[in-house]
Amino acid sequence: MSLIKIGVVGAGTMGSGIAQVAATAGHSVVLVDSFPNALIKGKDSIVKSLNKQVEKGIISKETYDAILSRIEFSEDTNSLQGCGLIIEAIIEALSVKQNLFSQVEKLVSDDCILATNTSSLSVVSIASACVKPERVIGIHFFNPATLMPLVELIPALTTDENILIQTKNIIDSWGKKTVIAKDTPGFIVNRIARPYYGEAIRIYEEGVADIATIDWAMKEIGKFKMGPFELMDFIGNDINFKVTETVFEQFFYDPRYKPSFTQKRLYEAKRYGRKSGRGYYDYSPDAIPSMPTKDIILGEQIFQRIIAMLINEAIDALFLKIATRDDIDLAMTKGVNYSKGLLKWADDLGLQQVLNTLENLQSEYGEDRYRPSPLLKRMVREGKTFY
Ligand code: NAI
């Protein structure tokens, strides 16, 4: 059986990576972008990434040629004709995405699956622009798409069950780990990971510790690959602030997701992080490195506060049926490289301890931000564990 042709729209960071993944899996791919320069840049990044794989001996020169020859680069949306699956990865703007979907739907056959890689818009709001919204689904890759194994699949309210099954089969065949998430703000990873940034900033704002110490605590005690501030500087404080703001708005201003002034001011000052040379840290060549205070008691306090908030988010996602236990834990280990799934972590720390930390914070601050998930309270009451 021959493989379906894949269309990718948007040749930016995500689109070029997704096109490379699909072509590596053996599909013919057409990568469309309305800006010729973006196509040149997209091709460049694919060539660079494949070259690296040749240098490292991961693929041969013949495989490199074969992968590249399977990708067609086009400025013309009409080249999407004949595709069996189209993944949209253009700018994050609802009306622009809706226009594209209604335009593309007219070009393709009835059985073509239309997918969006959106990270913050609802899938159903995009699907609603189509005559056949039942074939529209969210396929959310992580950056860089070529390296990150996780893909969140998001069936919208209108998505046909068979479309989800077909999509899962295709993405699984690309060697990715798929999880299924409800069409809610941030899906799994971007929802559950919010306190990693938000609570770290709060601790810093209160003057409990400086940024280097908070980063040190999370790496040393929690075995996180990057501390929250290093990670925010890596992602870009412009992107991270926008995601925080969108998630907060989309949760109808639930105080748990409230953005911080620290992050907003950094964004306003254009201190975006690594890419701008300055963020929470200074990346200029003559910068004096910030040294953490390696106080293990303070470190433990910081870690317990952030991990309790993360676990609470994961438990609440399970409580609200955003995803299954296994998918929640898989998502955080494969999507953001946590050393352990948060529900497993909850069991290991003890649910009573997590609840105590949250209740102490809630009584100290009197803020809804620290409210424990009803499921956590219920499980403690019943003496249950997740595994
Ligand atoms: P990007 O800005 O790097 O690329 C977007 C591309 O779309 C540009 O090349 C632009 O020329 C093109 N484009 C814009 N309007 C178009 C149109 N009407 N038709 C054809 N091409 C058009 O953006 P990036 O970062 O690749 O993000 C794309 C999507 O993926 C967004 O929805 C974003 O939320 C999502 N996403 C981004 C992640 C990231 O870490 N950058 C991670 C996961 C999802």
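**Close-ups of a predicted model**

**Figure 1. Helix α14 and what sits over it.** Helix α14 (residues 325-335) has as its buried residues Asp-327, Ile-328, Asp-329, Ala-331, Met-332, Lys-334 and Gly-335. Here "buried" calls for 20 or more other C-beta atoms within 10 Å of the residue's own, "exposed" for 12 or fewer, and "partly exposed" is what falls in between, with C-beta atoms placed from the backbone. Helices (H or I, at least four residues) and strands (E, at least two) are DSSP runs, numbered from the N terminus. The cover over those buried α14 residues includes the strands β7 (150-155) and β8 (177-180), along with helices α7 (189-192), α13 (296-319) and α15 (342-349).

This is a predicted model, so local features need pLDDT of at least 70 and side-chain atom pairs count only at pLDDT 80 or more, while totals for chains, interfaces and linings use all residues. Residue numbers start from 1 along each chain, as its sequence is written.

**Figure 2. The whole chain, for orientation.** The protein chain has 17 helices and eight strands, and its C-alpha trace spans about 60 × 55 × 40 Å along the principal axes. For 387 residues, a compact globule would have a radius of gyration near 21 Å, and the chain's 22 Å agrees with that. That radius is taken over C-alpha atoms, and the globule rule is 2.2 Å times the number of residues to the power 0.38. Take the contacts with a separation of 6 or more: 68% of them are between residues 24 or more positions apart. A contact means two C-beta atoms, placed from the backbone, within 7 Å.

**Figure 3. Around the ligand.** The ligand has 23 residues around it, and the closest are Gly-10, Gly-12, Met-14, Ala-38 and Asn-143. Helices α1 (13-24) and α4 (94-105) are the elements that give two or more residues to this shell, with the largest share, three residues, coming from α1. By class, the shell splits into 12 nonpolar, nine polar and two charged residues. Nonpolar covers Ala, Val, Leu, Ile, Met, Phe, Trp, Tyr, Cys and Pro; charged covers Asp, Glu, Lys and Arg; the others, Gly among them, are polar.

Figure 4. Asn-143 and Pro-144 are joined by a cis peptide bond, with omega about -5°. Pro-144 belongs to the loop between β6 (136-141) and β7. Lys-270 isn't a glycine, yet its phi is positive, about 60°. You'll find Lys-270 in the loop between α12 (261-268) and α13, and with 12 other C-beta atoms within 10 Å it is exposed. Asn-337 lies in the loop between α14 and α15 and is partly exposed, with 14 other C-beta atoms within 10 Å.

**Figure 5. α9 meets α10.** Helices α9 (residues 211-220) and α10 (residues 228-235) pack at an angle of about 100°, their axes 7 Å apart. They are therefore roughly perpendicular to each other: the label takes 65 to 115 degrees, with under 35 roughly parallel, over 145 roughly antiparallel and the rest oblique. Axes are lines fitted to C-alpha atoms, for helices over the stretch in contact, and angles run from 0 to 180 degrees between N-to-C directions. On the α9 side, Ile-211, Ile-214, Asp-215 and Met-218 meet Pro-228, Phe-229 and Glu-230 of α10. That contact is made of five nonpolar residues, no polar ones and two charged.

Definitions and conventions:
A residue is near a molecule or strand if its C-beta atom, placed from the backbone, lies within 6 Å of it.
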